[in-house]
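Please examine the structure before reading each solution.

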Amino acid sequence: MPEIDHVLNSVSIAVTGSGGAGVITAGSMLLEAAAKAGLYGLFTRSSGPQIRGGEAAAMIRLADGPVGAPGDVFDILIAIDWHNIERFAIELPLSDTSIVIADPSQGAVPDVIALSGARIIEIPLKELAKKIKKGRQNMIALGVVTALIDLDQDVVDQVMVHVLAKRGDEALRASREAVASGKQAISEIGARVTSPAISADGTGRWMISGNEAAGLGALRGGIRFVAAYPITPATEVLEWLSPNLQKVGGSLVQAEDELASINMIIGASYGGTPSLTATSGPGLALMTESLGLAVASEVPVVVVDVMRGGPSTGIPTKSEQSDLNIALFGLHGDAPHLVVAPNSVSDCVFSTQWAVSVAEATQTPTIVLSDQLLGQTKVIIDPPADLAFVARRVTPAETGEGFQRYAATGTGISPMPIPGIAGGQYTADGLEHDDKGLPSSQVKDHATQLDKRSDKLDNYDFGDHWAEIEGEGRFAVICWGSTTATVREALERLSADGKNFRLISPRLLAPARPAEMALALQGIDRVLTIELSHSAQFYHYLKGHFDISCPLQSHHRPGPLPFRVGELCDVITEWSGS
Amino acid sequence: MSVNSATTSAFSARDYKSDVKPVWCPGCGDYTVLSAIGKALAELALAPEEVAVISGIGCSSRIPAYLNTYGFHGVHGRSTALATGLKLSRPDLTVLVTGGDGDGFSIGGNHFLHACRRNVDLTYIVMDNRVYGMTKGQPSPTTEPDWDSALSPGGTGLRPFNPLVIALASGANFIARGFSGDPNGTAKLITEAIQTPGFSFVEVLSPCVTFRPDQRDWKKIVRPAPVDPTEDIGQAARRLMTDDGFNLGVLYSGKRKPYALTKHEVTSDMTNLEQQFAI
Amino acid sequence: MNTRIDIGSVADLLAHVKAMETEAMEGYQDLAEQMEVHHNSETADLFRKMAHVESLHVKKVLERAEGVDLPHIPPWEYKWVDGEAPEAVSNEQTHYLMTPYHALQLALRAETRALDFFTQIVAQCEPGDIRDLASELRDEEQEHVELIKTWLAKLPEPDDGWDEDPDPPMLQE
């Protein structure tokens with residue numbers, strides 16, 4: 001999910017500009033208008049390091065089916081100016097079928113753009129904007145683009161009303177005039193771009209980002225307390241959760257650092273409230289000691305890691321899949337825990353919700369590995385079904401003399417008293433302990449508790465949700481997280497050419513499920529892993545922890561650029577020798 | 001505090017002692033702090049299951065297991081954060097935080113500052129022995145600059161923290177100093193600390209008999225503070241300027257409103273909430 | 001000791017005695033436990049014995065107090081001379097290698113303080129119920145003091161170096 005059943009028809013548009021040009025606003029409005037009209041789409045952005053006024057690019061892909069990957073080339077690039085375009089040039093691939101709208105007052109089209117062979121159309125955006133009272137170039141651009149792709153002007157207007165209402169009548173009037181002016185300008189030139197066919201309007205669909213989706217999944221799962229420290233690109237999870245938690249009776253607290261965040265949620269969870277925090281790689285690194293505490297004391301918590309370029313401070317605004325190792329192996333000692341990876345923006349809802357439910361059921365910390373690509377991309381989706389996985393902690397039926405908090409049970413899960421329950425008192429401890437929770441360095445106790453903590457995960461019935469397994473063929477591609485959508489679309493294209501592959505995208509990364517993977521690989525002769533990691537972390541994980549008997553190869557590269565569909569089609573084709 | 005009355009508390013101090021035998025060196029000040037906590041809880045008639053004691057790492061952090069309340073023996077330096085999360089989400093519980101000077105002021109320094117600043121209704125009892133006892137005798141942030149040790153021969157040469165100064169500057173609403181050699185006095189301070197809303201900080205000088213045998217002299221040096229408690233921060237600050245670290249009693253008892261989460265009523269079911277994403 | 005011990009009634013005095021004996025009993029129990037944990041069984045046994053003796057004193061106080069409504073007194077409001085119950089042992093010098101001799105010295109100091117406490121009350125009190133009870137208690141404490149002195153006399157003084165331990169402290173966490 002979301003599955004696509006045909007090769008997508010899409011159009012990719014980029015709007016670039018700087019110094020308050022408002023390209024992000026224009027891009028967002030374009031997506032929303034397209035959504036209302038009935039298109040699916042996604043919207044990402046790129047920007048310089050300035051907090052405001054820097055160079056920015058809004059990148060939109062509109063399609064006739066659910067889309068999760070960027071297009072191979074941009075069909076339209078509309079540049080309000082060319083400042084620092086070299087920063088984005090590599091993210092804006094163009095071809096000789098692309099159209100570049102350039103403002104002649106901004107100087108010659110830079111080589112890096114012109115060399116693509118794209119058709120350059122000059123429209124004096126600045127001049128046109130000046131002719132309108134309070135007119136803005138980004139609205140002129142919006143008019144140009146929506147006309148180029150023949151987007152129904154009614155929906156464009158609806159979006160303008162909705163977005164600009166709070167800025168007042170003047171802003172709305174000016175924008176309407178600007179959009180009309182842009183539309184006029186391009187129709188005089190007579191250029192058109194083929195855009196996807198629309199079968200039905202967008203009623204009932206959602207526009208949502210991965211970070212918002214993770215927040216929603218958390219609430220669906222039953223999270224009611226969040227303590228967190230802001231960090232790019234996870235801060236939006238917290239910004240969404242703060243007011244929305246309140247609506248369902250929960251609360252969010254900003255902590256002084258990530259060490260406080262993880263400990264606050266451990267405290268709140270110990271008190272009985274399902275709790276969560278969101279961070280990125282550097283924050284997760286700080287949290288590892290206390291995650292171990294949660295493992296040892298069997299206190300459930302959920303940590304959403306919206307991965308970014310690493311290592312260390314890395315590339316905060318770009319994506320990578322290089323926190324896999326720390327999520328899987330970053331805790332000292334033998335500390336089994338859960339790692340869940342959403343495989344699309346839409347899946348951020350389910351995966352986070354599911355993570356909450358399995359964390360609570362097994363009394364184990366769970367890391368949700370999202371990334372910047374998922375987190376900060378807005379997509380149009382069909383509303384995700386609520387599969388009703390909620391937090392359900394096992395609490396003791398009886399307490400009192402002889403109650404053992406960490407009793408060895410068949411499942412490895414022992415009832416957890418909530419403070420306030422008489423007779424259930426125990427001291428949760430990071431020290432190894434006996435079945436009552438008293439510190440112990442005894443051979444027997446260490447063995448028993450280690451077994452308990454790993455058995456409870458190994459024995460747990462995760463069901464089919466451990467992975468998405470799609471398609472038939474003799475070769476399989478295994479990937480995870482944000483790479484999945486791109487692989488999916490690549491395989492769809494190859495399938496249209498009669499080349500069929502199986503796709504396996506594990507959602508449950510820890511504990512490893514070798515038996516289930518073996519089943520998934522039945523009938524498979526060769527496997528390719530694809531991941532956004534310089535050192536091929538996922539490939540090595542599979543090699544080390546799974547029994548993959550057929551030849552296993554890796555295609556890997558680091559961020560900051562996401563995989564493109566065409567790129568992966570080439571990779572898979574070459575690998576499969578077809 | 002309470003006056004002689006005919007009513008007896010439902011609990012005695014011994015009711016809070018668990019079956020776990022403390023492993024502290026005989027002569028350790030922490031024994032009397034443990035008993036003082038029991039006396040305070042008994043005096044306040046708090047049911048053991050309604051109390052949670054949160055600690056970090058160190059000799060004094062072993063206390064939760066020696067009480068039969070709920071407890072959490074967490075990682076080094078993070079007890080105030082863990083306690084904050086617990087108390088904010090469970091305001092019905094009485095939450096105590098216990099630990100030593102290393103746990104609280106070295107690795108825990110940042111969280112200590114913010115706990116004072118946040119002023120959540122917690123009681124933080126620090127057993128200050130001016131040494132890292134558990135790891136065999138290194139200087140702590142409250143150690144005198146000339147105290148000789150293996151890791152800092154000749155002394156650190158660093159000026160020690162005065163935790164009361166930091167607590168006052170950071171916003172703690174109740175600040176006191178006790179001495180383990182005065183168990184009833186300490187019990188009284190802890191009782192008042194728990195009763196006073198907001199972040200209550202009690203530093204209890206608690207000699208380490210093994211690594212700081214020189215602290216045996218403390219009982220000759222400590223004295224009741226020559227002034228009454230104040231609710232004026234400025235006055236408290238001026239008093240601290242002449243504090244040699246051995247004045248006992250309540251320094252400051254303020255009226256700062258404790259921080260607690262607003263209890264939000266459920267105003268939306270999930271279906272309604274999700275409408276915000278609809279196109 | 002010139003401060004006045006302000007006992008207002010027989011019930012008040014009984015409440016003080018009960019607290020004193022209970023703290024003594026619990027104190028010796030705790031010390032016995034500490035000695036056991038540190039494998040000093042000789043001294044542990046002695047403290048157990050002392051705890052038992054004190055438990056008999058507690059029993060006796062409870063018998064005396066039957067039918068009497070004892071006031072509830074917060075721990076810090078007892079009229080102890082220096083803030084600590086006279087027989088409290090919590091502040092006493094202890095050591096994991098302490099010998100029964102040291103333990104008895106500790107007990108002797110405790111009983112002597114208790115003796116002084118009641119002696120002072122007798123001296124300060126007007127003739128009456130309170131003074132009568134205080135006199136009884138003083139006499140009992142005198143017996144305890146003598147008893148401990150006899151036990152102590154049977155033990156030789158410990159050698160120099162009784163607290164020597166060739167092993168260094170152990171790291172625990």
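Predicted model: local features only at pLDDT ≥ 70, side-chain atom pairs only at ≥ 80, totals over all residues.

**Exercise 1.** Describe the contact between chain A and chain B, and identify the helix of chain A that gives the most to it.

*Solution.* Begin with the totals: 52 residues come from chain A and 42 residues from chain B. On the side of chain A, helix H10 (residues 258-270) gives the most, with nine residues. By class, this side of chain A holds 26 nonpolar, 18 polar and eight charged residues.

Next, consider the strands. Strand S15 (residues 427-429) of chain A runs parallel to strand S2 (residues 70-73) of chain B, and three bridges join them. Within this pairing, A:Asp429 has B:His73 as its bridge partner.

**Exercise 2.** Determine how domain 1 and domain 2 of chain A meet.

*Solution.* First, locate the domains: the assignment places domain 1 at 10-189 and domain 2 at 207-381 of chain A. Their centres, taken over C-alpha atoms, are 34 Å apart. The contact takes 10 residues from domain 1 and nine residues from domain 2. Helix H1 (23-37) and strand S2 (40-47) of chain A each give two or more residues to the side of domain 1. Of the elements on that side, S2(A) gives the most, with five residues. Finally, the classes on the side of domain 1 are six nonpolar, three polar and one charged.

Key. Residues numbered from 1 in each chain as written. Chains lettered and ligands numbered in written order. Contact = placed C-beta atoms within 7 Å. Helix = DSSP H or I, 4+ residues; strand = E, 2+ residues; numbered from the N terminus. Nonpolar A, V, L, I, M, F, W, Y, C, P; charged D, E, K, R; others polar. Pairing = 2+ DSSP bridges. Domains from an automatic or database assignment.
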